[in-house]
Amino acid sequence: MNSSFIIQPQGINTEQADLYLEIKPGGVAYIILDNNTCIALATYHFPLDASDAMVVESIHGLIKDQPVLQERFKNVYIIYGYPQSVLVPNELMNGQDNETMLNLVFGDVGEGVIRSEYMPRHQIHNVYRVPAQVDAVVSRYFEQAAFTHLFSLLPDVIKSTGTHLYCIFDPGQLTAML
């Protein structure tokens, strides 16, 4: 795993700060906010063909190499950005069919943890899969974390009227929302 960008001063007080950790196939990024002010930011990228085991090892290495991530935070938010995600209208949601829906759209991509989130503003559910190895190691390091998916957050980015194009650029990947 290679660092792309790091801004991190020494002596950060994390007791009253929030950690936002984004994990997706292309890499890991984190931001530390204290009273909505950014006090640290870092991004790391994986090789394009990184296996789940390589991602797990990279997360172990990141936690070891970045002592600030071993500190206690007021809140920890884990944001997954894995592509296996399906938006389901509220009236069609049936939790027993989550795995079947994901397998129908993406195929059986291996062992994973299936999560779902209700997005009340849009009255839809985001059903998504995270590699089991990745979820296990993240859950172990951040036991009290709140988990969400990037695709659950993006629709609430739009606050204004008109036509807008939102893009997230990653190594070898582009996520766009119109």
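The model is predicted, so local features need pLDDT of at least 70 and side-chain atom pairs count only at pLDDT 80 or more, while totals for chains, interfaces and linings use all residues. Residues are numbered from 1 along each chain as its sequence is written, and side-chain values use heavy atoms, with hydrogens and water left out.

In soluble globular proteins, nonpolar side chains tend to be buried together. A nonpolar core is here a set of buried Ala, Val, Leu, Ile, Met, Phe, Trp, Tyr and Cys residues joined through side-chain atoms within 4.5 Å; buried means under 20% relative accessible area, exposed over 50%, and partly exposed in between (1.4 Å probe, protein chains only). The largest such core has 31 residues, of which Ile23 and Tyr30 touch the most other members. At least two residues each are supplied by strand 2 (18-24), strand 3, strand 4 (37-45), helix 1 (52-65), strand 5 (75-80), strand 8 (124-131) and helix 3 (132-141). These elements are DSSP runs numbered from the N terminus: helices are H or I with at least four residues, strands E with at least two. Helix 1 gives the largest share of the core, five residues. Contact means heavy atoms within 4.5 Å; leaving aside neighbours within four places in sequence, the contacts of isoleucine 23 include Ile59, Ile78, Tyr80, Val134 and Val138.

Val55, Val56, Ser58, Ile59, Leu62 and Ile63 of helix 1 are buried. Seen down the helix axis, these buried residues fall within an arc of 160°, so they line one face of helix 1; the arc is that of the directions from the axis to the C-beta atoms. Their cover includes strand 2, strand 3, strand 4 and helix 3. On the other side of helix 1, Glu57, Lys64 and Asp65 are exposed.

Isoleucine 31 belongs to strand 3 (residues 27-34). Because its relative accessible area is 26%, isoleucine 31 is partly exposed. Beyond its neighbours within four places in sequence, isoleucine 31 is in contact with Asp18, Leu19, Tyr20, Cys38, Ala40 and Leu41.

The aromatic residues complete the account. The whole structure holds three aromatic pairs. Rings of Phe, Tyr and Trp (its six-membered ring) pair if their centres lie within 6.5 Å; planes under 30 degrees apart count as stacked, over 60 as edge-to-face and the rest as tilted. Tyrosine 20 and tyrosine 77 have ring centres 4.8 Å apart and planes at 20°, so this pair is stacked. The pair links distant parts of the chain, with tyrosine 20 in strand 2 and tyrosine 77 in strand 5, 57 residues apart. Tyrosine 80 and tyrosine 82 form a tilted pair, at 6.3 Å centre to centre and 55° between the planes. Tyrosine 80 is buried at 0% relative accessibility, and tyrosine 82 is buried at 4%. Tyr80, Tyr82 and Phe147 form one aromatic cluster. Arginine 115 lies over the face of phenylalanine 147, at 4.3 Å from the ring centre; a charge sits over a ring if NZ of Lys or CZ of Arg is within 6 Å of the ring centre and within 35 degrees of the ring normal.
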